[in-house]
Amino acid sequence: MKHIWPVLFFVLTSLAFAQEQAGIPVRYMNDAAVDLVHRGKVLLPDEVHKLLEDTRFRFDISTLNPPETSDLWKNTFLPQLPADRNPVLDMDEVSYLSPVLSPSGIFRFNIRNGDDGKLYTMMLSKTVHSVLLAKNLLRKIGYQIPDIKYLPRVIVKFRNDAEKKGFLSYLENVAFAGAPRNWVVEELSDNKLLLQDLIIMDSNHLIYNLAVGVTSDMIQGRRLLSSLAVPLTIVNLTESVNMLRWNAGVRAGNQITLFHDQLNQFQCTWDDARWITRRIERLTRQDWTEIVEGTFIPKPVQQILVEKLISRRNSVTKLFRVDAQELPVTANVSNGVELVNGKLTQQNWPGYASRFAYGDPDSPLAGSEMRSFVKSRVLSTLLDLTVSQINQLPYLGTDIQAMNEANFQTAINDAVARSVRDQIPMEVPLKSWVFPTFRGQLILSRNIVTGTYLGTDNLVQLADVVGVSVGAGAFVGVMGLPTPITAFASGEAQFVRTYAHLRPVTSIQRSLRYPFKNIFVPLVQFDYGKKLHEAASIAVDPNASEDAKAEKIETALKPFKDSMNVGESILVTDAISTNIGGRVGAGYEKWVSASLSLVSGYNVVSRFHVHRRSEHDFQIYKDLGHGGSFSVGFDLDTLVPVLSVSFKSVRGGARVKYYNMNLNPRNPDVIRNAGLLRRAIVLSSVKDLDDEEKYKPYIVRHSFREGNPRLNLFFWQWQWVNSATDISVTNPKGDQRFFRRQYQGLTKGRNYQRYVNATISHWVNLLFDRKAGLSEGGDNPGYTFRGRAETRFLTLDEEVTSEGRKLEPFVKLSRIYNGWSIDRAGAERLMENLKQRYRHDFFTAPVLNDTRRIFLYNLSLNIFFYQKGLEHLLTLSEDDVKKIFRENQVQLNLMINPASVEDNETGVDRFLRFLARAKRYESQGKGVKANKYLLKALSQAEHRLNLKGLVALMGSEENIFVNSRIDGFREGDEDGNRALVSNSLGEFGSPNILGPLVQVQRQTEMLEGEFFIYWMMTRLI
């Protein structure tokens, strides 16, 4: 039984991966088409394969044409597109007959033309101009496409009013083509409608009308049809031209993924795609202009569409490695009003149902939202200052400074009295004193936070936190040390309870209107519990239909689901901590001060977390963590903070219990689940869930060690992390899997927000001898106001047996540039730097052309090293490694001759030392140390080598995968909330494409912050 879960997980992961990554393989797969002509003969697939074998696979079968005997295609290129013949003209009147079965979003219907009495088919859809594009492009490269004529307007006559109303209802509610007002210009008398923006074609075609679409049953292994995946992707315009990407696809592993929803239906092969791409490559700019003009769309739309189609043409020639001259693209084309810098600014176009532009999506940090953000920061700061002053009231805790000064003054007075009495010079004795301390604090805050927070994964969220803290301990004061040295020590035990409510933010303006009373999170819990109680108390007629039951349950659940949004979390945290430490300082009045501190402590954390993951799924986490820590720090201040250096070491463990509650109204247990979820939220407990067998949780256990050095110089910030973790995952049936994780990384950047807050706090202390209580902001500078950061980290994940034997190692190296905001030019400079640094063209199109600025940007490069590649690395000889380093150095000067490079200049010696230590520790069975030095070796390799060199170290592209992506809110781009993924290099070297541990996390659907206990461990980004 214990082996079944890993096998099922492997199968399910592989299937999911296959569905997500399906595309066109980048090599011949013994999948030759059935219609290839060679020397005048149509070859069978076996004959094609033999031809390849006889030529040792040097023959390029992508050069073979289909036979011209087909009515569908001739080996010609049309210099000019023919006119479409159809007797129906603009503003003609036709008679409606009946609808035609069509895919969703398309409404086709038959009509009779009064002039010739013949039947024709008309089509209403926001994709009609895509059909016209396809028709024109396919005709240009030799395909025989039946006539498809564009009609700006036509009058359709119905037999009676009922038939006319049925037509309108079918259009909207059956065909789902959109609101009738998009096409109906006017309702005329005598049961007539004046329609606009449609196409007309013959009802019966003697050949396939390939411009309308291709289905899998039509293809039957023929290159002539399977290759259509490429041209139909290039012209795959759904409606908005602004959202049409500048590239037609990307390479993902060993496949080409084209941006077409039905790509799999084409069954397109590598050689089929290259054949048709060669034909497309021969088209000139004039051809593309004519193709677009034949769609009869507005002239400004034509201007930008020509540029985008040419850019997409350029991208497919690169994807399919067709040696072609790149056609120039003017990405910032304008006409002054409707089209500005490559972007359509007008949404509604008279005479057209299609809008061609949707408008930009909401960005929580763009435009007027920035004013709201500043307002939110002011309110948050005022609240922080108020709470801080309340917490410094005398009756809420011991005034340590006053009592310390009182003891100091008493000792001075005794020394003075002794000096007068004994007639001797006054001496200040070395003396210490101890007094008990007590401290109580209120915790109350509302903030717009960016970046991950409290173990959740939202990028921008509204965080309400309320709680209390109570602590008791002792303070040790010291006097008599050489001037100007001061010292003290203290110890404390503390209990903290906090309630946090996190809501994803899409509009800061709307967030500011969220009732302030909800900062008291227990009230929100009570409200959610009340709504769930009402839902769980409804009576459902057991004899009612399933639809009726589901509708009643959904109505009962609606108040709760409307209140708790998708992505929202409630957390209740209890923490007990003890610490003991001391501080030694020196200074000159208030002009300059320096201090050294040592602190040792132990912390126990218990958390309850409920998170709404999707429309029907609610996740519940019950966490328990503990850790012992030791830290040392040094601070140097003048009138402003200057330098802060610290190191913290933590050793501990954690357990995460994860439950999933489904509130789908069709779930037979939905009422029971609603009741259990209510009790969990109200009581912050999972006891009821643990009492029932069917609700057994996933359990993730961690045992970790972490080192965390930090350096702050003014507003510059550096943070290192080095950790090692043993992890076990137990599924609800009790089956276990074991993993090890090693993590090394560095974040450096500019954290203006932290520095300004630290400076304000420093001056408040200097002037008023009080604490300001301002939050210093997050750890990653790139998530702070106007901050930016560069992060580079390596993660080694490996599945192991219960005895610790390796099953599958995996290493990921990431280099990330992130920040508050960046303009298009700055982002393109980062992209160009990656291209030159790694000698790889990640983005083969002007993908940021529609972008003015990216908020909370994240430009990442990710390199995956798979098991076979790591094994190959360990088998390389020293001479092989040195040769790779000499020939594949990162070079700013491409004129350098690798033969003239000395080994001591390449960094290979350092790499070889790390690799030797990794091998030695591995042979001694010291896996953690072996992994540490393997990561150091790979870090050195990535620092010194381009991608070609890294591939050589891994043995082949089959053992490494590299890609880049751009995340953030892209202002000015209609598709600005979607990540931009680059072309990749290499292949996925394992079904666990993201490594064995991340694949388990994805399979369980747990939040990343919970699965990897980022509420206990440091997260760089």
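A residue counts as buried when its relative accessible area is under 20%. In this predicted model, Arg139 has a relative accessibility of 5% and is therefore buried. Arg139 forms a salt bridge with Asp84, with the closest N and O atoms 3.0 Å apart. This pair links distant parts of the chain. Arg139 belongs to helix 3 (residues 128–140), whereas Asp84 sits in the loop between helix 2 (45–54) and strand 4 (93–100), 55 residues away.

A search of the whole structure returns 58 salt bridges. Side chains of opposite charge can pair when their charged atoms come close. One of the pairs joins Arg159 to Glu163, with a closest N and O distance of 2.6 Å. Arg159 is exposed, at 60% relative accessible area. Glu163 is buried, at 14%.

Glu942 and Arg792 also meet through their side chains in a salt bridge (2.7 Å, N to O). Glu942 lies in helix 25 (residues 927–944) and Arg792 in strand 24, so the bridge ties together parts 150 residues apart in sequence. Both Glu942 and Arg792 are buried. Elsewhere, salt bridges with shared partners connect Asp84, Arg85, Lys135, Arg139 and Asp147 into one network.

Strand 24 (residues 788–800) pairs with strand 25 in the antiparallel sense over 13 bridges. Within this pairing, Thr791 has Ile816 of strand 25 as its bridge partner. Five residues separate the two strands, which form a hairpin. Gly804 in the turn has a positive phi of about 100°. Strand 25 also pairs with strand 26 (residues 853–865), again antiparallel, over 12 bridges. Here Asp823 stands opposite Arg853 of strand 26. Of the 18 residues of strand 25 (residues 806–823), 14 are buried, so the strand is largely enclosed by the rest of the structure.

Technical notes. Residues numbered from 1 in each chain as written. Predicted model: local features only at pLDDT ≥ 70, side-chain atom pairs only at ≥ 80, totals over all residues. Heavy atoms only, no water. Buried < 20%, exposed > 50% of the residue type's maximum accessible area, 1.4 Å probe, protein only. Helix = DSSP H or I, 4+ residues; strand = E, 2+ residues; numbered from the N terminus. Pairing = 2+ DSSP bridges. Salt bridge = Lys/Arg side-chain N within 4 Å of Asp/Glu carboxyl O.
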